[in-house]
Amino acid sequence: MMFVNHHARTVKNGIYFGRNFDSPLLSLQSLDSLQTTEGELAITNVEVWGCGEEGALTEQQRWRDWEHRQAEKTQKVKRPGRDDWQDNPDKFLLDMVGVETEHPQERPGM
């Protein structure tokens, strides 16, 4: 069996292999060392493999491209600023109800 804990406070964090959590055959609590029943082994290299069907990689790439395009879209949204505040409909509504939108320090020539 394999046990994985990354957030519960009642047990140690890490990945454990064995029949039960209390006495695992292998335990990986950090990427520095691997605990076995015979002692501790140093980890020098880590290689990660993934498994999936043929279309999984192309689907993952398509999803990443979509996320990238969405991030670019949100960066290009024009937000009202100081330059177009005079023509902003929000300013017009605030002026209609009597809210002062032009303060003396923002008026030109003051």
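Biologist: Is Lys91 buried, partly exposed or exposed, and at what relative accessibility?

Modeller: Lys91 counts as buried, because its relative accessibility is 7% and the cut-off for buried is under 20%. Please keep in mind throughout that this is a predicted model.

Biologist: With which residue does Lys91 form a salt bridge?

Modeller: The general idea comes before the case: side chains of opposite charge can pair when their charged atoms come close. Here Lys91 forms a salt bridge with Asp95, and the closest N and O atoms of the two are 2.8 Å apart. The two residues are four apart in helix H2, so about one helical turn separates them. Asp95, at 35% relative accessibility, counts as partly exposed, while Lys91 counts as buried.

Biologist: How many salt bridges does the structure hold?

Modeller: The structure holds two. Glu59 counts as partly exposed, because its relative accessibility is 39%, and Arg62 counts as exposed, because its value is 52%.

Biologist: In what pattern do the helices and strands follow one another along the sequence?

Modeller: The protein has two helices and five strands, and read along the sequence they follow the pattern β-β-β-β-β-α-α.

Biologist: In what order do the five strands stand in the sheet, and with what kind of pairing?

Modeller: In general, strands of a sheet pair through backbone hydrogen bonds, either parallel or antiparallel. In this model the five strands form an open sheet in the order S1-S2-S3-S4-S5, with antiparallel pairing. Its edge strands are S1 (2–5) and S5 (39–42), each of which pairs on one side only. Neighbouring strands of this sheet are turned by 20 degrees against each other on average, when direction is ignored.

Biologist: How many bridges join S1 to S2, and which residue in S2 stands opposite Phe3?

Modeller: Four bridges join S1 to S2, and Phe3 stands opposite Tyr16 in S2. Strand S2 then pairs with S3, again in the antiparallel sense, over three bridges, and there Phe17 has Leu26 in S3 as its bridge partner.

Biologist: Which residues of S2 make up its covered face, and which its uncovered one?

Modeller: Gly14 and Tyr16 make up the covered face of S2, whereas Ile15 and Phe17 belong to the uncovered one.

Biologist: Where is Ser23 found, and how far is its C-alpha atom from that of Thr37?

Modeller: Ser23 is found in the loop between S2 (14–17) and S3, and it counts as partly exposed at 48% relative accessibility. The C-alpha atoms of Ser23 and Thr37 are separated by 8.4 Å, although the two residues are 14 apart along the chain.

Biologist: Which residues make the nonpolar surface patch?

Modeller: The patch, about 600 Å² in area, is made by Phe92, Leu93, Leu94, Met96, Val97 and Val99. Among them, Leu94 has its place in helix H2 (residues 89–96) and is partly exposed, with a relative accessible area of 32%.

Biologist: What share of the residues of the whole protein counts as buried?

Modeller: Of the 110 residues, 8% count as buried, and Lys91 is one that counts as buried. The accessible surface of the protein comes to about 10,400 Å², of which 55% belongs to carbon and sulfur atoms. As for contacts between residues at least 6 apart in sequence, 1% join residues at least 24 apart.

Note on methods:
Residues numbered from 1 in each chain as written. Predicted model: local features only at pLDDT ≥ 70, side-chain atom pairs only at ≥ 80, totals over all residues. Heavy atoms only, no water. Buried < 20%, exposed > 50% of the residue type's maximum accessible area, 1.4 Å probe, protein only. Contact = heavy atoms within 4.5 Å. Areas by Shrake-Rupley, 256 points an atom, 1.4 Å probe, with all protein chains shown as cover. Patch = residues over 30% accessible without salt bridge, like charges linked within 9 Å, V, L, I, M, F, W, Y side chains within 5 Å. Salt bridge = Lys/Arg side-chain N within 4 Å of Asp/Glu carboxyl O. Pairing = 2+ DSSP bridges. Axes fitted to C-alpha atoms, helices over the stretch in contact; angles between N-to-C directions.
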